[in-house]
Structure formats: structure tokens, C-alpha cells
Amino acid sequence: MPALPRQLSTLRTVLALLAILLDPFGLTTATDGASSRLLNQLQANAYGDAGAREQIAVVIIDDAFLRQRESHWPLPYSEQSKLFRQLLAYRPAAVMVDLMYSYDHSRGRNSDSSRLLSNVFERYRAAGVPLYLANSGSAESNALPIFTEVSEPALVSWSGYEDQYPLAAETAHGWMDSAAFALYRRYCSSHACPPLPATAQLAGEQPPIALQWGGDPAREQRLVSDVSQCASSSGLWSRILSQIAQAVFWRISAPAEARCPYHLTITASALATTVPEERALLRELLGDRLVLVGASISSAEDLTSSPVHGKLPGVYAHAMALDNLIEYDQKYIAAPPQLLNTEIDVLDLLEFFFALITLWFHSARAGLSPKHRLAFALGATLCLLLISLLLYHLRVSPVNILGLLLLIGVLLPEEPECPSLPSTSTRKESSCAHPSPCSAPCCSAVPATRPD
């Protein structure tokens with residue numbers, strides 16, 4: 001290879017390696033996020049064999065509930081008191097309320113009272129049902145004292161964790177358990193679990209959860225709602241191929257079918273039923289479960305992004321984090337530790353060395369034929385898939401498989417270039433007898449001369 005192309009190839013390689021570690025313009029982060037979403041979608045097809053979902057239920061306050069009650073948002077305390085009395089009648093194991101109680105919106109309304117709701121919350125404590133209220137952790141916006149006296153705090157907002165879910169975080173009021181970990185502590189009080197961090201501060205020192213989302217809705221969902229609008233469950237391999245095709249050809253393919261939430265979801269309207277059979281069913285579905293109450297109000301959206309389901313009410317992120325904890329115990333999927341207080345982590349180094357090995361192969365086998373170059377690309381891709389499976393088994397967040405595949409394309413051995421041959425009438429056929437990577441192309445490119 002001439003000097004200038006060789007220098008350009010080396011420069012291209014160095015820039016590619018630096019891109020892994022320095023992430024200029026967030027290019028590596030973009031492919032890393034895309035890789036994580038795709039692998040999360042694929043792994044969702046096999047998630048949920050340990051029965052963690054059967055311990056969790058979600059109650060949603062939606063627009064239909066407001067219309068039925070001829071009410072408004074924020075939901076008046078009088079309406080909330082009815083709702084939580086109805087929920088308590090089904091004897092859940094614990095309840096986490098993903099609603100903020102920072103301001104007393106009953107002031108100036110004679111027909112409403114925060115004391116009425118506080119009295120209902122007191123019934124939970126008397127019945128031995130732990131009640132957790134959403135807490136922002138900030139000094140300015142926190143639950144009202146009238147509610148904190150009869151409940152436990154559950155942190156629902158934090159910063160510095162990107163899209164990961166911490167077990168606990170430091171707040172203006174000290175260290176506080178996140179909503180999912182607070183419920184997990186309750187779960188472990190009646191189930192066998194590995195030893196838990198004794199304090200919220202110790203829990204906060206554990207790595208945050210890289211959420212693994214589940215796929216299809218619970219089997220019981222069809223008993224309480226119409227699931228005909230949900231995506232139909234096809235065969236495993238058919239679904240995997242469809243997900244890959246959707247990810248690759250997303251600009252020209254049809255939109256993916258809507259997928260219903262993974263966890264059993266019951267609308268707030270359903271809790272008010274007076275039909276004995278329906279009440280018996282709800283008692284069976286909600287009894288002794290960890291119940292999370294959230295809202296899906298069009299004018300006050302609190303949304304989370306699921307790589308499997310798209311946009312969902314924020315309460316489902318807490319439900320999924322709790323599910324991960326029950327499913328994996330404390331061996332949940334987590335990001336690898338960072339190095340020397342930088343944004344570079346162990347996976348970045350793994351990707352860096354993978355690229356170095358690819359470079360070595362490139363330099364040592366620069367004259368590969370097209371068939372061998374294809375075998376090289378397929379082998380490198382298979383290696384990446386095996387690494388991803390190993391990381392999933394070790395409960396480590398996935399490697400940036402898409403970014404590395406692009407890098408393999410950049411570093412693939414190029415078509416060997418034939419050196420320029422002098423034009424001479426004395427060149428013999430035997431000049432191509434010495435084997436070299438360019439032997440065949442060069443011999444075929446230059447006609448042999450007849451001996452005199």
C-alpha cells in the first residue's frame with residue numbers, strides 16, 4: 001500500500017479507537033443507547049420465568065375515572081379517600097402511591113379535606129399494610145406533614161443516574177430508599193432474600209439497576225380488561241426476527257404493534273364495583289400483592305420510556321425495577337463500574353481491546369480474499385453476540401454491539417492493491433510464479449508475452 005493511503009488508514013483507525021473512549025459529540029453514546037434498546041427488546045422475550053410479576057399489580061387513575069366521578073385533576077382528597085378505602089378492602093401486601101402531596105389543594109374548598117384522606121391512610125397502618133408515598137427528595141417540594149405522619153417516604157425522582165434506577169439516593173432530607181427498593185424491603189420481610197443493605201446510605205452505594213423490561217402482559221390481564229388491542233403473541237423466533245427487522249428498517253417499515261404493560265393493571269374505576277363475582281376476582285388478584293398506584297391523565301402526563309412498550313405512565317418504571325429486584329434478587333443487571341472518577345467504564349475498555357484485536361487481525365492478514373473477509377466479519381459478529389450473552393448471564397449491561405459492528409466495517413481488510421508493474425516486452429509468464437496476495441489479480445491484469 002502506498003505511504004499516503006497507509007497513513008490515512010492508520011489515522012482512521014486511531015480516530016475510531018479514540019471515539020470509543022472519548023465519545024466525541026455523543027456518537028458512541030448514541031449507538032450504545034440503540035444497542036441497549038435492541039438487546040432489551042430481544043431479552044424481553046425470555047424475561048419473567050421466576051414469577052416476580054405475580055407479586056406486583058398496578059392501579060391506574062385515568063381520564064375515564066375522572067369522567068365517571070365527574071371530577072377533576074388533581075383528584076380531590078374526598079375522591080382519593082374513597083379510592084384508597086376500596087383498595088384497602090382487597091388486602092394488598094403493601095401500597096406505594098406515585099402521586100405527590102406537596103401542596104394542600106383542598107384549601108378554599110369546603111367539600112374537601114386533607115384530614116379525610118389522612119384518616120384513611122391511618123387505616124392502612126392499623127391494618128398492618130405498609131403505605132409509601134412518593135417523595136421528591138427536595139426541601140421545597142415534599143409530602144405534607146399530615147400525610148408523612150401516617151406513611152413512609154419513597155423516593156421517585158433523582159439526578160445523576162441517566163436512565164438507570166438507583167436503590168437509594170441522597171436528598172435534602174438525607175439518604176432515602178427509592179420506591180422500588182422500599183417495596184422490595186417489604187417483600188423480603190415475608191420472603192427469603194439475600195441480606196439487604198441495612199440503611200438507605202448503604203443501599204445507595206450499590207450500583208443502580210439497568211432496567212430489563214418484560215414483554216407480554218400478564219395472563220390475568222384479560223380477566224379485568226380488553227386485551228384485543230395488544231400485540232398478538234407470535235412464535236419466539238418470528239418475534240425476534242420481526243424486532244430486528246423493525247429496528248433496521250424503522251424508516252420504511254410499518255409501526256410496531258402496541259404492547260400492553262407487562263404488569264397486571266387495574267383501573268381505579270374497577271375498584272368501585274359492587275358485583276360480588278367481580279369483587280371476589282379483585283380480591284384474588286390484589287390480595288397479598290405489592291400494589292403501585294399511579295396516574296395516566298392526558299393533561300398531566302408523567303411518562304417513562306420503555307424500550308419494549310414505548311411511552312408508559314411513570315409508575316411502571318417503579319414496578320419494573322421492583323420486578324427486577326424480585327426476579328434477580330440483588331444480582332440485577334447493572335452498568336460496570338467507572339474508572340478513576342471518569343465516564344469511562346470497564347465495558348469501554350472491553351470494546352477498546354476488541355477493536356485492537358480487530359486491528360491486529362487487519363494488519364496481520366491484510367491480503368485476505370473476499371471470502372475470508374466475509375468469514376472474518378461473521379466471526380467478529382458471532383463473538384460480539386457471545387460476549388453479550390455472557391454479560392447478560394453475569395448481569396452486566398450489554399456491550400455496544402451496534403457501534404462495534406460499525407467499527408468492524410471500518411476496520412475490515414480492504415481489497416489488496418496490486419503494485420504497478422513496469423511495461424516491458426521482456427516480462428515472462430514465470431514472473432507470476434511467486435505466490436503473493438496480489439498474484440492472481442496481477443497475473444490476470446497483465447497479459448503474458450510470448451517468448452522470442
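The model is predicted. A search of the whole structure finds 2 disulfides. The search for cavities of 30 Å³ or more returns 1. Strand S3 (residues 131–135) has 5 of its 5 residues buried.

**Disulfide Cys-188 to Cys-193**

- Cys-188 and Cys-193 are joined by a disulfide, with an S to S distance of 2.3 Å.
- The angle about the S-S bond is -90 degrees, so the link of Cys-188 and Cys-193 is left-handed.
- Are the two cysteines buried or partly exposed? Cys-188 counts as buried because its relative accessibility is 15%, and buried means under 20%. Cys-193 has 23% relative accessibility and therefore counts as partly exposed.

**Disulfide Cys-230 to Cys-260**

- A disulfide also joins Cys-230 to Cys-260, with S to S at 1.6 Å.
- The link of Cys-230 and Cys-260 is left-handed, at -75 degrees about the S-S bond.
- Cys-230 sits in the loop between helix H9 (221–224) and helix H10 (236–248), and Cys-260 sits in the loop between H10 and strand S7 (265–267), so the pair ties together parts that are 30 residues apart in sequence.
- Cys-230 has 10% relative accessibility and so counts as buried.
- Cys-260 is buried too, with a relative accessible area of 13%.
- In general, a disulfide is a covalent bond between the sulfur atoms of two cysteines.

**The cavity**

- The largest cavity holds about 30 Å³ of space.
- Which residues line the largest cavity? The lining consists of Trp-213, Pro-261, Tyr-262, His-263, His-309, Leu-312, Tyr-316 and Met-320.
- By class, the lining of the largest cavity has 6 nonpolar residues, 2 polar and no charged.
- His-263 and His-309 are among the lining residues, and histidine counts as polar.
- Leu-312, one of the lining residues, falls within the range of strand S10 (residues 310–313).

- S3 (residues 131–135) is mostly covered.
- Which residues of S3 lie on each side? Leu-131, Leu-133 and Asn-135 are on one side, and Tyr-132 and Ala-134 are on the other. The residues on both sides are all buried.
- In a regular strand the side chains alternate between the two faces of the sheet.
- Strand S2 (residues 94–97) runs parallel to S3, and 3 bridges join them.
- Val-95 has Leu-131 as its bridge partner in S3.
- S2, helix H5 (residues 114–126) and S3 make up a β-α-β unit, which is right-handed.
- S3 also runs parallel to strand S4 (residues 152–155), through 4 bridges.
- The bridge partner of Ala-134 in S4 is Ala-154.

**Hairpin of S9 and S10**

- Strand S9 (residues 303–306) and strand S10 (residues 310–313) run antiparallel, joined by 4 bridges.
- How many residues lie between S9 and S10 in the hairpin? There are 3 residues between the two strands.
- Leu-303 stands opposite Pro-313 in S10.

Notes:
Residues numbered from 1 in each chain as written. Predicted model: local features only at pLDDT ≥ 70, side-chain atom pairs only at ≥ 80, totals over all residues. Heavy atoms only, no water. Disulfide = S-S within 2.5 Å. Buried < 20%, exposed > 50% of the residue type's maximum accessible area, 1.4 Å probe, protein only. 1 Å grid on protein atoms, 1.4 Å probe; cavity = no way out; pocket = protein on both sides within 12 Å on 5 of 7 lines; lining within 4 Å. Points joined across faces, edges and corners; volume = space filled by probe spheres on them. Pairing = 2+ DSSP bridges. Right-handed = clockwise from strand over helix to strand, strands pointing away.
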